[in-house]
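Please keep the sequence and the three-dimensional view at hand while following them.

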Amino acid sequence: MNVSAFTSGLSSINIPGYSSPLVGYSASIPWDRGESNIDAANNWTDILGNHSLKFGFELRRVRDDLTQGQTFSPRGIFNYAEGQTGLNASDQKTSFGNDFASFLLDLPNSVGRDVNVGSGSWRQTLYFAYAQDTWQATHKLTLTYGVRWEFYPRANPDRKGGFSQYNPGDNTLHVSGYGSVPDDLGLPVRWANFEPRVGAAYRATARTVVRAGFGISHTPFQDNNYAYNYPVRQNVSFNSNSSYAPAVRTDGSVATLENGFPAAPVPVIPANGIITNAPTASSWTVVNPNYKDPYVMSYNVALQQDFGRGWVADFAYVGNQGRHVPAYYNINAGTVAGAGSSGQPENATFGRTARTDIMAWGTNSNYNGLQVKLLHRFQNGLSWTSGLAWQKSMGFISSTTGLARFNFYLDPRRDYAPLNWDRRVTYSQSIIYELPFGRNKPMLQQGIGSALLGGWQVSTVMSADTGMPLFLTASANSLNAPDNTQVPDQVKHFHKLGSIGAGKSWFDTTAFVQPTAAAYGNTPKNGFTGPGMVTLDGSLFRTFPIRESLAVQLRADGFNAMNHPTFANPGVSLTSSNFGQVTGTAGSNARVLQFAATMSF
């Protein structure tokens with residue numbers, strides 16, 4: 001530690017029930033990144049009678065370089081758990097106190113550190129082409145149809161040895177550019193990313209329009225990480241052989257703070273590029289040899305009705321189906337409940353207890369929603385937009401920034417659940433209203449009242465959403481299956497109490513108990529929801545014309561004008577002291593008042 005600017009800083013200490021980490025920094029810090037895209041595109045449009053033809057292509061060159069030790073951090077991390085100071089008995093009770101006791105006794109559950117962190121490079125050229133026709137088939141019917149093609153050749157590194165693929169079949173590393181190992185690791189190339197799109201709009205009456213559409217969209221590789229095993233990057237990790245035992249190093253000693261981190265083994269790259277007997281203390285990544293580019297199939301049917309007097313309503317069904325949504329899947333997770341490290345597949349063959357992550361393991365997702373919108377175009381001083389959605393998002397993986405991990409390796413189907421951002425009902429309302437005072441208005445058309453009150457406008461934006469899912473967890477000691485998440489046993493119906501603050505339960509916590517058998521609890525993943533959200537923003541403004549090309553606008557804005565808190569989800573860990581308690585808010589949502597004067601000319 002602290003042998004260079006890149007590794008300087010405190011090692012992280014993580015104790016469940018406290019801030020994460022309690023001491024230290026994010027595993028992503030520090031990082032050094034250079035990224036550039038070079039694009040060449042051309043588009044054409046041709047009108048042929050009642051056909052509007054569009055076609056074009058794009059070529060995109062991606063150059064990305066990232067130096068970052070994101071697995072454990074260059075300073076290392078010590079993770080403590082309750083099992084190391086808990087009783088190995090079916091009726092054992094543990095809490096966050098056991099976690100802290102494990103820290104005081106320096107008995108970590110797992111330890112890891114990124115070492116020899118080099119630059120992970122990415123070079124790739126992407127190709128896109130499309131053709132589309134919009135056909136005015138009749139004065140009532142318009143059809144749009146076309147196809148898009150996207151081609152993502154496999155990436156290459158910027159240098160020899162820039163990629164390293166782990167082979168879990170024989171515990172070897174295949175280093176790109178050496179021997180017969182190709183620069184792109186020989187991964188399959190998918191040529192058939194064709195994306196048909198079709199849409200139709202039919203004017204049934206002068207005031208009624210029906211619309212429908214379907215389309216497929218692909219996406220390139222979605223993560224900063226790749227085949228950046230040794231020699232690009234390396235890590236060392238030490239895990240416990242049982243939920244009740246401390247993490248041990250390869251020499252059999254306990255991986256304590258006092259013992260620190262040993263020097264990482266440095267394998268020699270042979271001429272054929274295949275490193276045999278890869279170090280067992282390192283976590284390895286396997287880029288999925290069966291990787292398929294993820295795509296989404298989107299579809300909708302909508303009815304638009306004009307009610308007159310500026311009021312228009314839309315009623316729509318909107319859905320999508322995600323395919324090959326990428327995730328991390330640890331093929332060395334425990335697959336036998338109660339067996340500890342003995343149930344890890346690679347422990348028996350290679351003596352490995354560290355993770356072996358299949359990167360970009362394909363999963364599915366789906367979204368289905370009924371959406372209603374009511375719109376009043378600006379008329380008689382009023383503009384109105386209301387939107388309501390009743391919806392459901394399901395899938396295995398919830399992530400918006402990169403690849404997420406599975407939780408249930410004993411039964412992966414249990415990971416299929418409402419996604420973390422699934423808000424079942426959302427409502428939004430925006431209004432712009434011009435006060436009815438002043439010249440050409442119904443009231444106070446002249447005099448001092450017109451001068452003071454005329455020309456002012458009021459606008460509001462309000463949103464009201466139901467809560468986000470709760471993923472309740474429990475101690476995994478009795479489960480004793482490495483890298484599996486345990487959930488509580490539910491013994492009675494979920495009952496919302498609604499109390500806010502430390503020591504007060506937002507839901508009835510007695511409905512959940514700690515499982516005592518070597519099996520998953522029965523609580524579903526993301527089966528319940530937390531507090532909803534209501535926000536209101538408002539503005540008051542008026543424009544004062546000075547002369548034809550010069551005007552001044554005065555305005556006052558209130559964000560979260562009612563100063564209504566948006567509460568965070570309650571604590572979800574059964575062993576935590578704040579289980580079931582709402583002790584904070586979701587982000588910074590205090591009321592903000594803003595006053596401004598702007599001049600336009």
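Lys-160 lies over the face of Tyr-178, at 4.3 Å from the ring centre. A charge is taken to sit over a ring if NZ of Lys or CZ of Arg is within 6 Å of the ring centre and within 35 degrees of the ring normal. Lys-525 is likewise placed over the face of Phe-471, at 5.9 Å from the ring centre. This is a predicted model, in which local features need pLDDT of at least 70 and side-chain atom pairs count only at pLDDT 80 or more, while totals for chains, interfaces and linings use all residues. Residues are numbered from 1 along each chain as its sequence is written, and side-chain values use heavy atoms, with hydrogens and water left out.

Aromatic rings also meet one another. A pair of aromatic rings is described by the distance of the centres and the angle of the planes. Rings of Phe, Tyr and Trp (its six-membered ring) are paired here if their centres lie within 6.5 Å; planes under 30 degrees apart count as stacked, over 60 as edge-to-face and the rest as tilted. By this rule there are 35 aromatic pairs. In one of them, the ring centres of Tyr-226 and Tyr-228 are 6.4 Å apart and the planes stand at 65°, so the pair is edge-to-face. Both Tyr-226 and Tyr-228 are buried, a term that means under 20% relative accessible area, with exposed meaning over 50% and partly exposed the range in between (1.4 Å probe, protein chains only). Together with Trp-122, Phe-163, Phe-221 and Tyr-291, these two tyrosines form one aromatic cluster.

Trp-456 and Phe-544 provide a further example: their ring centres are 6.4 Å apart and their planes are at 85°, so this pair too is edge-to-face. The pair links distant parts of the chain, with Trp-456 in strand β21 and Phe-544 in strand β26 (residues 533–547), 88 residues apart. Helices (H or I, at least four residues) and strands (E, at least two) are DSSP runs, numbered from the N terminus. Trp-456 counts as buried because its relative accessibility is 19%, whereas Phe-544, at 29%, counts as partly exposed.

Strand β21 (residues 456–465) also holds Ser-463. What is the relative accessibility of Ser-463? The value is 19%, and Ser-463 therefore counts as buried. Apart from its neighbours within four places in sequence, Ser-463 is in contact (heavy atoms within 4.5 Å) with Tyr-427, Ser-428, Met-533, Val-534 and Thr-535. The side chains of Ser-463 and Thr-535 are joined by a polar contact of 2.7 Å. Such a contact is a pair of N or O atoms within 3.5 Å; within protein, one must be able to donate a hydrogen and the other to accept it, and residues adjacent in sequence count only if both atoms are side-chain atoms.

Asn-480 is situated in the loop between β22 (469–470) and β23 (489–490). With a relative accessibility of 10%, Asn-480 counts as buried. A polar atom of the Asn-480 side chain lies 2.9 Å from the backbone nitrogen of Ser-243. Beyond its neighbours within four places in sequence, Asn-480 has contacts that include Ser-242, Val-336 and Gly-340.

Attention now turns to the pairing of strands. Strands of a sheet pair through backbone hydrogen bonds, either parallel or antiparallel. An open sheet of four strands has the order β1-β4-β5-β12, with mixed pairing; two strands pair if DSSP finds at least two bridges between them. Its edge strands are β1 and β12, each of which pairs on one side only. Three bridges join β1 to strand β4 (residues 77–79), and these two run parallel. Ile-13 stands opposite Phe-78 in β4.

Most residues other than glycine have a negative phi, and most peptide bonds are trans. The peptide bond from Ile-29 to Pro-30 is cis, with omega near -5°, and Pro-30 belongs to the loop between β1 (12–14) and β2 (31–48). Another cis peptide bond joins Tyr-230 and Pro-231, where omega is about 15°. Leu-444, although not a glycine, has a positive phi of about 45°; at 40% relative accessibility, Leu-444 counts as partly exposed. Asn-526 has a positive phi of about 50° and is not a glycine either. Asn-526 counts as buried, at 4% relative accessibility, and lies in the loop between β24 (512–513) and β25 (528–529).
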